Amino acid sequence: MGRLSTQMTRKNKRLLAASLLVTMGVMLLMPIIMAIPALAGGGGAPAGGPPPDVVAAQKEAAEGEGEEEKIEMGRDVYYKTEGPAVGMPAPKTEDNETFYPRYNFESRVLLWFANQQHLYYGSFVLAVPIFCMCIEFAGMVSKDKAMAKKYDQLAYDFIKISLTAYSLTAILGGILIFTFLTLYPAFFGYLSSIFRPVMHIYALMFVAESGTLYIYYYGWDKMREGILKWIHVSMSVILNVIGTVLMFLANSWIAFMMSPAGVDEQGRYLGNIWHVLHTALWNPLNVHRILGNMAFGGGVVAAYAAYRFLSSKTDEERAHYDWMGYIAMSLGVAFLIPLPFAGYWLMREVYAYRQQMGITLMGGLLAWLFIIQATMIGILFLTTNYYLWQALGRMTGGERFQKYIKYLVFILVVGLLIFITPHTIVMTPAELKAMGGQQHPVLGNYGVMSAKNGGINAIIMTTILSFIWYQRGNRVPTVSWAKFGNIFMGCFFLIAQLNNVWLACYGYFIPANVRIGLSVPQVAGTLSCLILMTPLNLAMLKGGRQLGPIQWGKIPPRSQYALIMLATAFTWMMGLMGYIRSSVRLFWHVNEIMRDNSPWAYTHTIGFAANVISFNVLFFWISIMFVFWLGTLGAKKAPVTGPVTQPVPGTPAPQPVTGH
Amino acid sequence: MVDLIKEAISIGWPVFLLLIGLLLYLQAKLSDPGEKKSATFKIMIGMLCAFLVFVAIANYKNNFYGESRLLPVSLVMITVMAFIMGMYFPNIGALMKIGGFMFFVAAALSGYGNWLPQVEGGFPPPEVKLDFQSMTAQQLGDEGEKIIFGGIGQSKTQGAIGKGQCPLCHGFQQGFLSERAPNLFDIPARATKRLEEPNYHMNDAASRPSVQKEAFEGSGTATNAQEYIAESHACPSCYVVPGFGVKGSNDTESPMPKIHKPPISLTLGELAAVDTWMYVREGLESPSYEEITASYEKFIPEADRPAEGGEEEAGPAGGVLADGSEPMDKLFMKAGCPGCHTVPGIEGATGKVGPVLYEGSNAPNRIKDPGYKGKAKSVREYVTESILDPSVYVVKDFPDNQMPKDFGVKLSAGAVNKIVDYLSQLKEGQPLPPKE
């Protein structure tokens, strides 16, 4: 009887806990529910607008002309629909202290700094919960209890890092708003007036995000078992849904600035908030940013692991952080690979929206920045390969592949050199005249598109091969068809590479408009290697013979610098691409709607931009290292037990070094 | 360098003082010679590192806007500092080495960005709302000079050209080259004489030998000097000055485009400004704004009048006609090619002063021509050369020195490249190339 009563009490407690969590979840999701009618109804008329003095001046002018107050109809600049012009026109700014208050420094650079820092932290704290969700789920469904515990610990470690960064993100968000209000009041006032119908939703979502995150983090230990664990994992889903919606809302501002919609040509809001949100570039930006955040988040966690690895005092610590770095790097690179495709989509939409915007990006003022981007993509792949080769060193049997690495290095270097060689160079008329054309007399013969595609595809294929070798590091396939599988795989890679090189050369003999079409079969070869050969390799390795364990922590310290290189390069590239995206508006606050009449309405040189990007990157890393350090202050040392070796690549073994 | 060191000391002197104080304190406190030596050494290392950091900061401060190419040097200095600290202070070794490595990566990337050719996007042209109607004759004339020549006082500069593109064909000063179209020096006085010429047929448009008798049905002919000027802008073929007609047309058709239509598209206000300048510059009293616009209204039906935008179009910066970001039709229009050339596929490009630009077909033959003295070996090179240096090869039956020689500075590299791309693909009898 007593036992039954205890069981009942436990059951009731669980039920109560579940009900409470569901209630809390519903309350946290309330902003989304509230948002639905607002979005469906198109939102109300924005009551905000430009600064009061500007509004007064404009009103006075209107009254002076004897116009009666009536609601005019306006035509949407993008959707071409008619709507009541309920908002104020975009303010016509002038270069004075009223519209552009300033310190004795370039306001644009100050805003750039505040924006970039907020974005770095925002990306990080939005990406890490997605990792946590995946890792916690993997741990929960794992049948191996020891393994489940390790995954769970890793997910907890991840969220702990992001929690410290979370408050800093909020502080930086506040700084960003103050910077806007102080330096660009007219512009910020206008944007706020346009987005007013969803501003409160944005704020409430932030509250919901914080609440969910805290419950998720502090409820970790209480919700370890059974249904509570499911609820906990579900909360991570809620957390990510809120985070993603939050990011979409933030993205809608920048998308509106680039490709405005929902307003007429004077910039007057036409009463349909969905049009304002759903602009031409909103969705491509959303997808691009989700992937970018994930790659960036992976990079930051990998750098954290590298830092902890290099400062570790014991083998156990080294083993744990070696494994953590590997997982984070793999996640980051996994999201890096589809990123260029999202980038292509974004560029296609940019061209579809305004051709001259696309030309400014790819063939005009900003084209040299894409040469830097190409170089960075090459560096990222080289570094990934370097890490994988170093990682072979911690596996018994990995040495079998060492002798071939020099050939991979050769392919990678040649591929990179071809990839970064420009064909058509952006230059001044005088330079053009001196050179006698847009192509360099020597380099112009080499950098055609098909050859450059050949270069990058060779690099990606080599990376896939390095990964396959890594998977085979300490294992030998024993399936009956292993020999056939090896020959097939070898032939597949060889044919894909030959196809790639042949098309790269063939491009020289055909016209440019036909040559563009060669990229499809080139990319198809590379993607086939990725999609078909990686699973084939895993199938071959199933039940394979192990040559020895993975000795986590035995990786050379220089490999950790590769992780740091990856993280720094990710951060730099993010700053670079963000700069390109923002500066393509040239002298418009809101493209073709609100003109930038500040003294900084010109585009800086590449060198200046590179210096500011570097400053932003280093400031971020210095501050986040401080955050990491703060994180270690709260951690209490836990006794480390268990093996530091792991028999299967990619599946972890080391024990956690911190408790919670 | 001395300035930099002075600046570094002026910024970092409290830290240097602190380190010196610490050195003195440790010298006094420590008794063990080994410890003393070690402490001294570490403080000296600290001084060196602090010095490097403050020089790096001073470099940033001094060169942030000026010599920004020097800024990566600061990052290199901090890299060196971090590695030195990492070596001699093992308790923070990992952090310093990682930090140093990050600074190294950032320095390399910044250095790369600074090493590449530096292009700066200039300021946008000022947004000016022009109210031609309320301008004085002088102000209106100044605007006219800007429209014709691109700037006030530019009318005496050979080759100066503005939105109206008039100097591509017309001379405006006595003695200036004007072989393609009449020299417009003294035009207000000469206009009256034109009305009296037998081929003009004042008040008898039907008797005109020209391919177009009237600007539009019922518009009639000009009856005074200002109307003559307006008619010649709105309907250049209504009367062709002898010797300036399209080749083979016996002066019944003019090669000049209608100035209110693409590619020029001047508004009535702009036309009034242009006309006013032609009077004012000769010290004559110009007709009023209303009289001038009324003269144009006579020859341009309401539906054909370009909208009075009132705001100057945001054109490319740096004084170039086009920067290559324009759509293809607009690019050719801005460059001024349609005024003289027929460019298949380009709206309004029916000029007959220069050859038809089937360059995909023409260029190979011209390169093979024994008279060709240029350096081009391919179609693209030939087209580029003929834009940048038109006198290198002059097509048979067309006179030399007709085409301006300053497109190299009037068009951006991107614009030239885009034009060359299009023209190189134009082949007689073949489909038109895409305009992207």
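This is a predicted model: local features need pLDDT of at least 70, side-chain atom pairs count only at pLDDT 80 or more; totals for chains, interfaces and linings use all residues.
Helix H15 of chain A, which covers residues 449-471, is built from 23 residues and reaches 33 Å from its first C-alpha to its last, close to the 33 Å expected at 1.5 Å a residue. Most of H15(A) is covered, since 20 of its 23 residues are buried. In the domain assignment of chain A, domain 1 is made of two stretches, 107-366 and 554-646, while domain 2 runs over 396-547. The C-alpha centres of these two domains of chain A are 30 Å apart.

Chain B can be taken next, beginning with its overall build. It has 14 helices and 0 strands, and its elements, read from the N terminus, run α-α-α-α-α-α-α-α-α-α-α-α-α-α. The radius of gyration of chain B is 34 Å, well over the 22 Å that the globule rule gives for 436 residues, so chain B is more spread out than a compact globule. Taken along the principal axes, the box filled by its C-alpha atoms is roughly 120 × 55 × 40 Å. Of the 436 residues of chain B, 40% count as buried, and among its contacts with a separation of 6 or more, 55% come from residues 24 or more positions apart.

The domain assignment of chain B gives three parts, with domain 1 at 2-115, domain 2 at 132-304 and domain 3 at 328-424. The centres of domain 2 of chain B and domain 3 of chain B, taken over C-alpha atoms, are separated by 27 Å. Their contact takes 14 residues from domain 2 of chain B and 15 residues from domain 3 of chain B. On the side of domain 2 of chain B that touches domain 3 of chain B, there are 8 nonpolar, 2 polar and 4 charged residues.

Where the two chains meet, 44 residues of chain B are in contact with 50 residues of chain A. On the side of chain B that touches chain A, the elements giving two or more residues are helix H3 (71-88), helix H4 (93-115), helix H12 (379-388), helix H13 (407-410) and helix H14 (413-424) of chain B. The largest share of this side, 13 residues, comes from H4(B). By class, the side of chain B that touches chain A holds 23 nonpolar, 14 polar and 7 charged residues.

One of these elements, H3(B), has 18 residues and reaches 27 Å from its first C-alpha to its last, close to the 26 Å expected at 1.5 Å a residue. The buried residues in H3(B) include B:Leu71, B:Leu75, B:Ile78, B:Ala82 and B:Met85. An α-helix has 3.6 residues a turn, so residues three or four places apart point the same way.

In the largest of them, which has 194 residues, the members that touch the most other members are A:Val128, A:Phe158, A:Ala302, A:Leu563, A:Ile564, A:Leu566 and B:Ala106. Helix H8 of chain A, residues 282-310, gives the most to this core, with 16 residues. Leaving aside its neighbours within four places in sequence, A:Leu563 is in contact with A:Ala302, A:Ala303, A:Ala306, A:Gly325, A:Met329 and A:Tyr387.

A few loop residues complete the tour. Most residues other than glycine have a negative phi, and most peptide bonds are trans. A:Leu586, however, has a phi near 55°, a positive value in a residue other than glycine, and its place is in the loop between helix H19 (557-583) and strand E6 (588-590) of chain A. A:Leu586 counts as buried because it has 20 C-beta neighbours inside 10 Å. The phi of B:His201 is also positive, near 55°, and this residue is in the loop between helix H6 (187-195) and helix H7 (225-234) of chain B. With 18 other C-beta atoms within 10 Å, B:His201 is partly exposed.

Another loop residue, A:Pro599, is placed between strand E7 (594-595) and helix H20 (606-634) of chain A. A:Pro599 is partly exposed, with 13 other C-beta atoms within 10 Å. Although A:Pro599 and A:Asn96 are 503 residues apart in sequence, they are 9.0 Å apart in space, C-alpha to C-alpha.

Definitions and conventions. Residues are numbered from 1 along each chain as its sequence is written. Chains are lettered from A and ligands numbered from 1 in the order in which they are written. Helices (H or I, at least four residues) and strands (E, at least two) are DSSP runs, numbered from the N terminus. The radius of gyration is taken over C-alpha atoms; the globule rule is 2.2 Å times the number of residues to the power 0.38. A residue is buried if 20 or more other C-beta atoms lie within 10 Å of its own, exposed if 12 or fewer, and partly exposed in between; C-beta atoms are placed from the backbone. Two residues are in contact if their C-beta atoms, placed from the backbone, lie within 7 Å. Domain bounds come from an automatic or database domain assignment. Ala, Val, Leu, Ile, Met, Phe, Trp, Tyr, Cys and Pro count as nonpolar, Asp, Glu, Lys and Arg as charged, and the others, Gly among them, as polar. A nonpolar core is a set of buried Ala, Val, Leu, Ile, Met, Phe, Trp, Tyr and Cys residues joined through C-beta atoms within 7 Å. The expected span of a helix is 1.5 Å times one less than its number of residues.
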